[in-house]
Amino acid sequence: MGLKKGDIIDEYKHHPGSCGLVVKVMSGGDGFTKIVCCGHELTAEDVVAAPIKRHGRKMGPKGVGFIIDEKKSNPTGCGLRLMIMDGGHGLQHMECCGRSLTLADGSHVQLNVRST
């Protein structure tokens with residue numbers, strides 16, 4: 001089952017005792033299969049309207065704003081780009097277009113944060 005731009009996957013939806021990975025789809029996603037984090041398989045069924053407000057998310061080694069880009073290692077894929085929004089300590093890999101994506105398929109982006 002594919003994803004679309006703007007979809008948010010939150011590990012807390014079905015696994016409240018996990019590290020709390022939250023990712024947002026930046027582009028692509030037609031070939032998305034799953035994300036494996038903390039031993040859980042996150043699928044399109046874990047899409048939420050907004051991140052679940054809850055404390056206890058455990059930040060991964062790359063932190064917030066890290067982008068995993070399928071085109072980095074598979075230029076002929078569907079172009080899935082995901083941004084880590086929170087959590088991610090237990091992130092193992094993502095599967096899309098029959099390939100596995102890891103943190104090695106990513107890069108940091110500069111986030112502009114405005115205080116209100």
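The tour below goes from the whole chain to single residues.

**Ground rules**

This is a predicted model, so local features are taken at pLDDT of at least 70 and side-chain atom pairs at pLDDT 80 or more, while totals for chains, interfaces and linings use all residues. Numbering starts from 1 along each chain as its sequence is written, and side-chain values use heavy atoms, with hydrogens and water left out.

**The whole chain**

Colour by secondary structure. You'll find zero helices and 10 strands in the protein chain, where helices (H or I, at least four residues) and strands (E, at least two) are DSSP runs numbered from the N terminus. Read along the sequence, that gives β-β-β-β-β-β-β-β-β-β. Of the 116 residues in the protein chain, 41% are buried; buried means under 20% relative accessible area, exposed over 50%, and partly exposed in between, with a 1.4 Å probe and protein chains only. Now for contacts, meaning heavy atoms within 4.5 Å: among those in the protein chain with a separation of 6 or more, 67% link residues 24 or more positions apart.

**Stop one: strand S3**

Select residues 32–37. This is S3, and five of its six residues are buried. Which strands pair with it? Pairing here asks for at least two DSSP bridges between two strands. One partner is S8 (residues 91–96), antiparallel to S3 over five bridges. Look for Cys 37, whose bridge partner in S8 is Leu 91.

The other stop is S4 (residues 40–42), joined to S3 by three bridges and also antiparallel. Here Val 36 has Glu 41 of S4 as its bridge partner. S3 and S4 make a hairpin with two residues between them.

For background, most residues other than glycine have a negative phi. Cys 38 is partly exposed, at 33% relative accessible area.

Not counting residues up to four places away in sequence, Leu 91 touches Leu 21, Ile 35, Val 36, Cys 37, Ile 68, Ile 84 and Leu 103.

Next, select Gln 92, also found in S8. Gln 92 is partly exposed, with a relative accessible area of 44%. Neighbours within four places aside, Gln 92 contacts Val 36, Cys 37, Cys 38, Gly 39 and Thr 102. Gln 92 and Thr 102 are 10 residues apart in sequence, and their C-alpha atoms are 6.8 Å apart.

**Stop three: the cysteines**

Select the cysteine sulfurs. How many disulfides are there? The count comes to zero, with a disulfide taken as a pair of cysteine sulfur atoms within 2.5 Å. Cys 37 has its closest cysteine sulfur in Cys 19, at 3.5 Å, so that pair is too far for a bond. Cys 97 is in no disulfide either, and the nearest cysteine sulfur, that of Cys 78, is 3.3 Å away.

Cys 37 is buried at 0% relative accessibility, whereas Cys 97 is partly exposed at 28%. Cys 97 sits in the loop between S8 and S9 (99–101), and has a positive phi of about 55° although it is not a glycine.

**Last stop: Ile 52 and Tyr 12**

Jump to Ile 52, in the loop between S5 (47–48) and S6. Ile 52 is partly exposed at 30% relative accessibility. Beyond neighbours within four places in sequence, Ile 52 is in contact with Asp 10, Tyr 12, Lys 13 and Arg 57. The C-alpha atoms of Ile 52 and Glu 11 are 9.1 Å apart, though 41 residues separate them along the chain.
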